[in-house]
Amino acid sequence: MIHLLFTLIFSEATMIALPLFKTPLRKLVIMALDRLKRGRGPVMVKTVAGTVLVVLSSSVYSMMKIQQRGIEDGASVNPTDQVLMAKHLLEATLMGAILFLALMIDRLHHYIRELRIRRKSMEAVKKQMRGAEDAKAGTSDETKTMEQEAAKLRAEVGRLESELQSKDKEVGAAEAGVSALRKQSEGFLLEYDRLLEENQNLRNQLQSVDRRFSHSVSKKNM
């Protein structure tokens with residue numbers, strides 16, 4: 001299961017990184033996300049997210065039970081419980097990262113779509129402004145009306161440009177978040193290797209304790 005969780009994390013990180021650069025894959029990813037948000041796509045995504053959340057809650061509950069059992073036994077946790085605790089902790093961390101990355105993908109797709117809409121609106125307003133400026137050859141009253149309309153259009157262009165800049169800043173923040181998540185994924189891999197090594201050591205200790213216990217029992221029987 002841990003390998004599957006790592007695969008999901010790397011897949012989500014790739015889906016976040018691809019839309020940030022102007023490549024042919026960027027259009028494919030955006031088109032795939034557009035289709036995913038239509039029809040039954042949102043229901044499927046919510047179902048998967050709900051399942052991951054339930055499994056995450058189960059892992060947290062298991063960790064709480066192990067900790068409570070250790071407190072009841074006099075604050076001493078046996079090697080088997082330590083291995084289970086480390087496994088549940090790693091799974092809970094990975095599932096939390098998966099849910100966070102899924103939210104990042106949704107927000108990044110929303111911002112990219114908003115930027116695209118804003119650019120189209122700004123281009124339409126600029127065309128209207130150029131048409132209004134070309135029509136200034138009429139009467140004086142018409143000229144004043146056109147100038148007022150042009151001023152309104154310039155103000156609208158300024159507003160759209162400011163909104164575009166704010167959206168660009170949000171996308172920049174999302175890129176920073178992607179970089180941090182990549183570093184966190186590398187930390188997860190190192191933590192996973194350390195937990196595997198610790199798991200093997202704890203198993204060796206548990207086998208040694210079992211052999212000693214069996215040896216002491218055989219001595220008592222003799």
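Q: Which residues of H1 are buried?
A: This is a predicted model, so every value here is computed from it. A residue counts as buried when its relative accessible area is under 20%. In H1, that applies to Ile2, Leu5, Phe6, Ile9, Glu12, Ala13, Ile16 and Ala17.

Q: Where do the buried residues of H1 fall when the helix is seen down its axis?
A: They fall within an arc of 135°, so they line one face of the helix. On the other side of H1, His3 and Leu4 are exposed.

Q: What span does H1 have from its first C-alpha to its last?
A: The way to read a span is to set it beside the expected one. H1 has 16 residues and reaches 23 Å, close to the 22 Å expected at 1.5 Å a residue.

Q: How many helices and strands does the protein have?
A: There are five helices and zero strands. Read from the N terminus on, the elements run α-α-α-α-α.

Q: What share of the residues in the protein is buried?
A: The protein has 222 residues, and buried ones make up 28% of them.

Q: How do contacts in the protein divide by distance in sequence?
A: Start with contacts between residues at least 6 apart in sequence; of these, 82% join residues at least 24 apart. A pair of positions can also be compared directly. Asn201 and Val83 are 118 residues apart in sequence, while their C-alpha atoms are 9.8 Å apart in space. Asn201 is found in helix H5, and its relative accessible area of 39% makes Asn201 partly exposed.

Q: Is His88 buried or exposed?
A: His88 lies in helix H4. Its relative accessibility is 16%, so His88 counts as buried.

Q: Which residues is His88 in contact with, leaving aside its neighbours within four places in sequence?
A: His88 is in contact with Ser59, Ser62, Met63 and Ile66.

Q: How is empty space found in a model?
A: Rolling a probe the size of a water molecule over the atoms shows where empty space is left. In this model, the largest pocket holds about 690 Å³ of space. Its lining consists of 22 residues, and the closest to the pocket centre are Glu12, Leu36, Val45, Ala102 and Ile105. Glu12 has already come up, as one of the buried residues of H1.

Q: Which helices supply the lining of the largest pocket?
A: Helix H1 (2–17), helix H2 (24–36), helix H3 (41–72) and helix H4 (79–134) each supply at least two residues. H3 gives the most, with eight residues.

Q: What classes of residue are in the lining of the largest pocket?
A: The lining has 15 nonpolar, three polar and four charged residues.

Q: What volume does the second largest pocket have, and which residues lie nearest its centre?
A: The second largest pocket has a volume of about 450 Å³. It is lined by 18 residues, and Arg26, Ile30, Ile112, Arg116 and Arg119 lie nearest its centre. H2, H4 and helix H5 (140–221) each supply at least two residues of this lining, and H4 gives the most, with seven residues.

Q: What classes of residue are in the lining of the second largest pocket?
A: The count by class is eight nonpolar, no polar and 10 charged residues.

How values were computed:
Residues numbered from 1 in each chain as written. Predicted model: local features only at pLDDT ≥ 70, side-chain atom pairs only at ≥ 80, totals over all residues. Heavy atoms only, no water. 1 Å grid on protein atoms, 1.4 Å probe; cavity = no way out; pocket = protein on both sides within 12 Å on 5 of 7 lines; lining within 4 Å. Points joined across faces, edges and corners; volume = space filled by probe spheres on them. Helix = DSSP H or I, 4+ residues; strand = E, 2+ residues; numbered from the N terminus. Nonpolar A, V, L, I, M, F, W, Y, C, P; charged D, E, K, R; others polar. Expected span 1.5 Å × (residues − 1). Buried < 20%, exposed > 50% of the residue type's maximum accessible area, 1.4 Å probe, protein only. Arc of directions from axis to C-beta. Contact = heavy atoms within 4.5 Å.
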